[in-house]
Amino acid sequence: MKILKRIGANIFIVFVLMTMIRTHLPMNTKFFQMIYKPIDAVESSIGTNQTWLMFSPNPSRLDAYVIGEVEYEDGSKDTFDFYKGIGMSMFDKYLHGEKYRKFTSENLRSDKKQFLWPDASKFVLRKLKEKNNYKLPKKVSLIRYWDEIPSWDKKFVKHDEFREQYKSFMFYSKEVL
Amino acid sequence: MLTFKNLLKSWNHFFFIERSTYNLAFFRVVWGALIFLNILFEVGNVEDFYGPNAVVSLEVVNNHFSHFHLSLFKLLKNTSSSAYAIYLFTLVSLFLVTIGLFTRVALWGALIGLVSLHMRNVWILSSADVLIRCVFVILVWSPCFNVLSVDSYLARRRGRPFSVVASQWTWRLLQIQVSVVYLWTFWAKIKGDAWFDGSAVYYATRLDTMKNITLPWVLDHKNIIMLSTWGTLIIECALGSLIWFKRLRTPVVIGGVLLHVGIEVVMAIPFFEWIMIALLMSFYTPTEYLLFYEKLKNKVQNLRGSKLKLTPSYFRNLF
């Protein structure tokens, strides 16, 4: 029994070590593709793909967020800001700010992730319905806002300075009525 | 001489030498509590992230991940009750892991619950969430409940106490995991211009959506920013390599803790910094924990009789 346990432990150790080094191996070769086929299957089933690219190779210079806008039949408009992190307290960021930031600024705003847009627009409708229950929605839109941090040689942005002007673009719109 | 026999001997010594399980148990308590809090903080978002009307529908998730992935959401109906049930199941499992009751089952429960929640909405996750899963995958096999747990207390009462010492391979894997995180991120960073010219910390701290506390008196000076950028690289490299040397461990860990506390103050990356600090603690052996505790106890006892003098030698002796 002890020997079996030791063999099992060794297999697991090798498996874990292989998952750790995968990202730096030439995976385009047949040899590695063959070796990693079963490992990849396990990894993708539990989501332990290890890349560890925090703030690398360079930190993002793009500050971005998304706002959902609903136009009602009476001509009025209301917006849902997906809890954008700007001006949010540290505690609120712990509660939900960062997860929404990740969702909007790194995923929802991207043209490559259009599959997220219809659900997000429905989500905006539901969120605003809580506030505007008596109004009939006519159109829902998703608008991305972005601004690039200027090079510190061109314009040094102070740490307590928040940008006032963001570029904006309506990237998704749907008639509801 | 480097022979296969010697290599095998070193491998066995490194992974399978028997050691006290106090450090693993201590880590389990801290880790369990931290991840419990992490999940508890999501209580207001269960519907929005995991419910049938969540910001991403289950249909989109299933279409996007057509391959097999572990998820309790596949077994249950797509309702709010299911989302809350899986959330609660994860939370209870994490609580049991922390106190060490039915620990092995609870560790598996926590892993399955966490993977289910994470796979339900991967677009809200960060590196911290991946790391949490990686650590649980190792921890589920560990004897982390042999001491400092309700299970060990009950076993003692039954007259069949768990062994305090056990093979240390899971502890070693945790250490390697921590090391790898720092080494890989260091490796990826040195390919970037901003880390090289010293401006990386400037750009990272200017993201309005990620700002926490603003420190203009520190982060408005180019020289300080450059030192912080290169300091980050040096500390991350050391945390991945020099941490393995006993003599250098404590200064390297102190550097790591300062780095993570610094990031926590200026940037909003909830729980990640605390998770990394908790993982760094896994580099200390049970003997070192006990020695530190004894030293601290003696210092406190000595200080009771004399006036507190916070001299450099006082801190040196503490570690």
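Domain bounds here come from an automatic or database domain assignment. On that basis chain A is divided into domain 1 (2-46) and domain 2 (62-175), and the C-alpha centres of domain 1 of chain A and domain 2 of chain A lie 40 Å apart. This is a predicted model, in which local features need pLDDT of at least 70 and side-chain atom pairs count only at pLDDT 80 or more, while totals for chains, interfaces and linings use all residues. Residues are numbered from 1 along each chain as its sequence is written, and chains are lettered from A and ligands numbered from 1 in the order in which they are written.

Chain A holds four helices and four strands, where helices (H or I, at least four residues) and strands (E, at least two) are DSSP runs, numbered from the N terminus. Read from the N terminus on, the elements of chain A follow the order α-α-β-β-α-α-β-β. With a radius of gyration of 23 Å, well over the 16 Å that the globule rule gives for 177 residues, chain A is more spread out than a compact globule; the radius is taken over C-alpha atoms, and the rule is 2.2 Å times the number of residues to the power 0.38. The C-alpha trace of chain A spans about 75 × 45 × 35 Å along its principal axes.

Within chain A, strand β1 (residues 62-72) and strand β2 (residues 77-80) pair in the antiparallel sense over four bridges, pairing being counted if DSSP finds at least two bridges between two strands. A:Val70 has A:Asp78 in β2(A) as its bridge partner. Four residues lie between the strands of this hairpin, in which A:Gly75 takes a positive phi near 95 degrees.

Turning to the meeting of the chains, the contact takes 61 residues from chain B and 54 residues from chain A, two residues being in contact if their C-beta atoms, placed from the backbone, lie within 7 Å. Among the elements that give two or more residues to the side of chain B that touches chain A are α6 (103-120) and α9 (169-189) of chain B, and α9(B) gives the most, with nine residues.

Because 14 of the 18 residues of α6(B) are buried, the helix is largely enclosed by the rest of the structure; a residue is buried if 20 or more other C-beta atoms, placed from the backbone, lie within 10 Å of its own.

Conventions:
Buried ≥ 20, exposed ≤ 12 C-beta atoms within 10 Å, placed from the backbone.
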